[in-house]
Amino acid sequence: MSQKSVCVYCGSRNGTNPAYSQAANQFGQLLAKEGWRLVYGAGDVGLMGEVARAAQSTGGETFGVIPVHLLQREVGKTDLTRFIVTETMHERKKVMIMNADAVVVLPGGAGSLDELFEALTWRQLGLHDKPILVLNIDGYWDALRTLLQQVIDQDFADASLLDFITWVDSPNAAMSALRQVLD
């Protein structure tokens, strides 16, 4: 049986709610304890750094991908199990999703939304069939869920769009959902 890999999209900032950092830390630890590899944006700042350091401190493997223009801004974390520098953001996203068995989205900003929507669009178009989980810590992503429902209600997407996302409220719930689809 080959090692499973989970791509995590999350903020390069911590956000205002300490629960976001706590969730990133816990999720990184849980991935490592499960023996699954973390695939993420290779930054050592914000929630990205939190999830990676937690996975590393628990003995987990880490696979980071960062574009050259963000090496300084996101403080490229070069002590990962595998560290890849890409030329573009698009290449970064492609390498990340192609090296993962599932996608989990923690709180984040425009970059996390971009990554989520690209993964969701690719899934909708049949370019991959990987599970996508949204980790909705303290309701952070509630407005996104409402927006996606509006897209469906206004007939810009089929209701099946929501079938491509599993919504979870805690790192433990995320792991439970991942075990169901990855084992």
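What share of the 183 residues of the protein counts as buried? The figure is 51%, where buried means under 20% relative accessible area, exposed over 50% and partly exposed in between (1.4 Å probe, protein chains only).

The model is predicted: local features need pLDDT of at least 70, side-chain atom pairs count only at pLDDT 80 or more, and totals for chains, interfaces and linings use all residues. Residues are numbered from 1 along each chain as its sequence is written, and side-chain values use heavy atoms, with hydrogens and water left out.

**Whole chain**

Start with everything shown as a cartoon. There are six helices and seven strands; helices (H or I, at least four residues) and strands (E, at least two) are DSSP runs, numbered from the N terminus. From the N terminus on, the order is β-α-β-α-β-β-α-β-α-β-α-β-α. The radius of gyration, taken over C-alpha atoms, is 15 Å. Along the principal axes, the C-alpha atoms fill a box of roughly 45 × 40 × 35 Å.

Contact means heavy atoms within 4.5 Å. Among contacts between residues at least 6 apart in sequence, 70% join residues at least 24 apart.

**The sheet**

Select the seven strands next. They form an open sheet in the order β4-β3-β2-β1-β5-β6-β7, with parallel pairing; two strands pair if DSSP finds at least two bridges between them. β4 (82–86) and β7 (165–168) stand at the edges with a single partner strand each, so one side of each has no neighbour in the sheet. Neighbouring strands are turned by 20 degrees against each other on average, direction ignored.

Zoom in on β6 (residues 132–135), which pairs with β7 in the parallel sense over four bridges. Here Val134 stands opposite Trp167 of β7.

Then show α4 (residues 110–124), which lies across β1, β5, β6 and β7 and runs at about 150 degrees to β6.

**Val39**

Go to strand β2 and pick Val39. This residue is buried, with a relative accessible area of 0%. Beyond residues up to four places away in sequence, Val39 touches Ser5, Val6, Cys7, Val8, Phe63, Met96 and Asn99.

**Helix α2**

Select residues 46–57, which make up helix α2. Its 12 residues reach 17 Å from first C-alpha to last, close to the expected 16 Å, a span defined as 1.5 Å times one less than the number of residues. Nine of the 12 are buried, among them Leu47, Met48, Val51 and Ala55. Their cover includes α1 (18–34), β2 (37–40), β3 (62–67) and α3 (89–98). Just after α2, Gly59 takes a positive phi of about 90 degrees.

**Arg92**

End in helix α3, at Arg92. Is this arginine, Arg92, buried or exposed? Arg92 is buried, with a relative accessible area of 2%. Leaving aside neighbours within four places in sequence, Arg92 is in contact with Gly41, Met48, Val65, Ile66, Pro67, Leu70, Glu74 and Thr86.

Key. Axes fitted to C-alpha atoms, helices over the stretch in contact; angles between N-to-C directions. Rg over C-alpha atoms; globule rule 2.2 N^0.38 Å.
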